[in-house]
Amino acid sequence: GRLVSEALKTFYEIRDTPGLKKKPSTSELLDWLKLLVAEDIPLHAIKIGFAGSAEAVAAIAAFVSDYPAVPVVAYMPDLSWWSEDEIDNYLDAFRELLLPQVAVLVGNNTTLRHWLLPESTTDRRARATDLARAAGELGVSYVLVTGIPAVGDQLGNVLASAQGELFSQSYERIDAGFLGAGDILSAALTALIATGSELTEAVAEALQYLDQALDHGFRPGMGR
C-alpha cells in the first residue's frame, strides 16, 4: 500500500512540474503500477470501475489482456453528468476493448438498458436476461443488474447469463442520497470471487454487504 501511494505521489508531482514538454500519461501510470504491483502479487480477480477517459480504458484493457485466466468484474456507472462526446468515446472504448474480457458486468438497470438496449430506453419491462444476451454478444459472460423496480418499496437485483436468471434478491429502497453503491458492490463481489466463492454465493453476500453498508451509512455535516 505504501509503495503504491509513493508511486502515485511521485507520478502526480512529475506531471504537475511546470515546463515539462512531455508529461507522463495515464497509460504510463498504469504500466508503472503494473511493474510495481501486479508482477509481484498473484492476481485472483480484477475489478474495474470508472476509468475517467477512453485513453485509460485502453490502458486497462491492455493490462487485463496479460491475465486472460483472471476473472474481471466491471462496473458501469451513470455517466449522464458527462458531455455527450465524452460518453460516446468512453462507451465505445469500453465496448470494444474491455467487454470482451469481462466476466461479470455490474450496473444499474436504467444505465445498462440505455447502453446495451438503446432501443428500449422507455421500456422498463426489459429483463435482466435481455441485458445479459446483449452483453453476451459483446463477450460478457454474466450481468449483475441492480435497481430493478419490484413490488412496493423493493428494488430487485438479478444475476443473469444469456441462458437465464441465476440469482435474484430484493431489498427495501433506502430513502437517502448516497454515492458509490455500485463501486462498493462490485468491489465486494470481486473480493469474494478472488477468495474462491462460487459466483451466485458471492453475489448474494456482496448484495447483503452493500445493503448493510448503506443502512449503516451516516452523513457528517451536510456532505454526502
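Buried means under 20% relative accessible area, exposed over 50%, and partly exposed in between. The model discussed here is predicted.

Q: Are the residues of β2 that point one way and the other way buried or exposed?
A: In a regular strand the side chains alternate between the two faces of the sheet. In β2, V72, A74 and M76 point one way. V73 and Y75 point the other way.

Q: How many of the five residues of β2 are buried?
A: β2 is largely enclosed by the rest of the structure.

Q: Which residue of β2 is the bridge partner of I46?
A: β1 and β2 pair in the parallel sense, over three bridges. β1, α3 and β2 also make a right-handed β-α-β unit. The bridge partner of I46 in β2 is V72.

Q: Which residue of β3 is the bridge partner of Y75?
A: β3 spans residues 104-108 and runs parallel to β2, with four bridges joining the two. β2, α4 and β3 make a right-handed β-α-β unit. Y75 has as its bridge partner in β3 the residue V106.

Q: How many aromatic pairs does a search of the whole structure find, and what is the angle between the planes of F50 and W82?
A: The search finds eight aromatic pairs. F50 and W82 form one that is edge-to-face, at 5.2 Å centre to centre. Planes over 60 degrees apart count as edge-to-face, and the angle here is 75°.

Q: Is W82 buried or exposed?
A: F50 is partly exposed, because its relative accessible area is 35%. W82 has a relative accessibility of 14%. The cut-off for buried is under 20%, so W82 counts as buried.

Q: How far apart in sequence are the parts that the pair of F50 and Y90 ties together?
A: The ring centres of F50 and Y90 are 5.3 Å apart and the planes are at 45°, so the pair is tilted. F50 lies in the loop between β1 and α3, whereas Y90 lies in helix α4. The pair therefore ties together parts whose separation in sequence is 40 residues.

Q: What is the relative accessible area of Y90?
A: F50, W81, W82, Y90, F94 and W115 form one aromatic cluster. Within it, Y90 is buried, because its relative accessible area is 0%.

Conventions:
Residues are numbered from 1 along each chain as its sequence is written. This is a predicted model: local features need pLDDT of at least 70, side-chain atom pairs count only at pLDDT 80 or more; totals for chains, interfaces and linings use all residues. Side-chain values use heavy atoms; hydrogens and water are left out. Rings of Phe, Tyr and Trp (its six-membered ring) pair if their centres lie within 6.5 Å; planes under 30 degrees apart count as stacked, over 60 as edge-to-face and the rest as tilted. Buried means under 20% relative accessible area, exposed over 50%, partly exposed in between (1.4 Å probe, protein chains only). Two strands pair if DSSP finds at least two bridges between them. A crossover is right-handed if, with the strands pointing away from the viewer, the path from the first strand over the helix to the second runs clockwise.
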